[in-house]
Each structure stands twice: as structure tokens, then as C-alpha cells.
Amino acid sequence: MKTLVAAIAAGAFALPALAANPAAAATKNIVIVPGEFIDASGWHVVHDILSQKGYHVTVVPAAHATFEGDVALARRVLFQQFGNVVLVGNGIGGAVIGNAGGGAKVKALVYVAALAPEVGESPLQLLRGPDGMPAPIEADFAGYHWADRARFHDDFAADLTPNRANFLAASQTPVGLAFLGTPSSAAVWHAKPSYAVVATEDRILAPDTQRMMYRRARAQIVEIRGSHAVHMSRPEDVAQVIERAARDTL
């Protein structure tokens, strides 16, 4: 019993000591929540650029089955970070960061061709936009939505080579209807500095919808000529926006 008490006491003192570690406090963290259809590996070039500049970069392995599940996973990853964080979202990952990023360690949000819903807005509502969804996505018998493989290059990644786009189409990560139809319960951009990339050739999330969301979030907006996969086709430019947010706020 004495051993157990001693171990618990040691643990209780160890955590504050770790949190007070100046090296840990000085760590500059970037956490990225991927969007629909392209998995976390699509961010590897941006990851490498930022890592080489001294940032600690983590990409959330989001499943996109349910909205609550992705938010919980993003919070779990945020809990693991020592020091302050710039939280990045792409596509539907933007809805996740607007709900998961309320903690004090998150100093800024970065939206990359991403949703930035207001409270009560669902991802599906914003993807459809006033003129309907720019590119069709189809549900399977289980309610998971997929991009059309035959149109993936044109609709999703027109600025990538066909062989890269074809692989992305073949390895895509589907999105659950339970995710798409869930209204946002928070909009952290009301309280946090926001930065945003508008992908001007995006056929998944209409560029005008992106502009509307980012203007109401009072984000610092950069427009980049690119598809919804702009983080893959223009990784240096996307990394530059993320780094600006980090320099300003971390």
C-alpha cells in the first residue's frame, strides 16, 4: 500500500514538473486534421517543410465516421502536445478544428480549403452551398460517401498528375453520413485568431463559400490557385500560411 501511495505521489509531482519544463513550453506545435477522401499521408510534404523549420508537427488520423469521433480524436492528440499549438484543418477537418480547438493551448486556427461552420451549420449544408454541391459524391449501402473515381482527377485534384490523382481515388477515405449531417456545436473562430487558404480552383468546396466563411471568421485570407488538394499541389505556399500563423501566435 505504501508503495502504491508513493507511486501515485511521484506521478502527481511528475506531471506539473513536466508541464513547467521550459523546453516543453518552448515547443512550437502544429496539429493538422485532414479532410475528406485524402488520408493523413497527403500532408507529408507540408509536414516535412515545417518539421525542417523546427516545428513539431502531428497529423490526426481522422476516420470521418462520425463528427463526434473526429472531434474526440483531435482533442486526444491536442492533449498529447507540450506547449502551444496552431491547429490546422482541411476540408471537413475545418469543422473539427472549430469544435476541438477551444482549449487554452490552441493559439490559432488555419483553414486550408476547409469548412468553418457557424454553430448549427452542418458540413453537408456548407458543401452543398447556395448553388448545390460543385462535384457529386455518392453514398454506399452503409451510408459512407465516396468521390467518383472516374471524376476524381478533374473534381478533386486537377492540379496533380493523373497517376497521383488515380492513386488517391483508389485509396480514398470515405465520409460517414453521421459526420456530414451533424451540426456544429461550437465555432472557436469567434475567439481565436484565424488564417485561411482559399483554393480558387476547388470543385469540392466552392471558393465563394470558402470566402464567405473566412470573411465572417475575420481570418487573414490568402488565395492560392489550386484544387481541393492544394496542400499537395502547392505545399510550400500552404506551409507558408501555417508558418505565418505560428510566427504570429506561438
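This section describes a helix pair, a loop, a strand residue and a further helix in a predicted model.

Two packed helices are described by the angle between their axes and the distance between the axes. For helix α4 (residues 67–79) and helix α5 (residues 93–100), the axes come within 9 Å. They cross at roughly 60°. That angle makes α4 oblique to α5. The crossing of the two helices is right-handed. On the α4 side, the contact is made by F67, D70, V71, A74, R75 and L78. Their partners in α5 are A95, V96, N99 and A100. By class, seven residues of this contact are nonpolar, one is polar and two are charged.

The loop between β2 (56–59) and α4 contains H64. A63 lies in this loop as well. H64 is not a glycine, yet its phi is positive, at about 60°. Most residues other than glycine have a negative phi. H64 has a relative accessibility of 1% and therefore counts as buried, the cut-off being under 20%. A63 has a relative accessibility of 48%, so it counts as partly exposed. The limit for an exposed residue is over 50%.

Contacts of A63 reach beyond its sequence neighbours. With those within four places left aside, A63 touches D70, T173 and P174. Of these partners, D70 also takes part in the contact of α4 with α5. The C-alpha atoms of A63 and L73 are 9.1 Å apart. These two residues are separated by 10 positions along the chain.

A positive phi also occurs at A113, with a value of about 45°. A113, too, is not a glycine. This residue is found in strand β4 (residues 106–114). Its relative accessibility is 0%, so A113 counts as buried.

Helix α12 spans residues 235–249 and has 15 residues. From its first C-alpha to its last, α12 reaches 21 Å. This is close to the 21 Å expected at 1.5 Å a residue.

Methods:
Residues are numbered from 1 along each chain as its sequence is written. This is a predicted model: local features need pLDDT of at least 70, side-chain atom pairs count only at pLDDT 80 or more; totals for chains, interfaces and linings use all residues. Side-chain values use heavy atoms; hydrogens and water are left out. Helices (H or I, at least four residues) and strands (E, at least two) are DSSP runs, numbered from the N terminus. The expected span of a helix is 1.5 Å times one less than its number of residues. Axes are lines fitted to C-alpha atoms, for helices over the stretch in contact, and angles run from 0 to 180 degrees between N-to-C directions. Angles under 35 degrees count as roughly parallel, over 145 as roughly antiparallel, 65 to 115 as roughly perpendicular and the rest as oblique. A crossing is left-handed if the near helix is turned anticlockwise from the far one by less than a right angle, and right-handed if clockwise. Contact means heavy atoms within 4.5 Å. Ala, Val, Leu, Ile, Met, Phe, Trp, Tyr, Cys and Pro count as nonpolar, Asp, Glu, Lys and Arg as charged, and the others, Gly among them, as polar. Buried means under 20% relative accessible area, exposed over 50%, partly exposed in between (1.4 Å probe, protein chains only).
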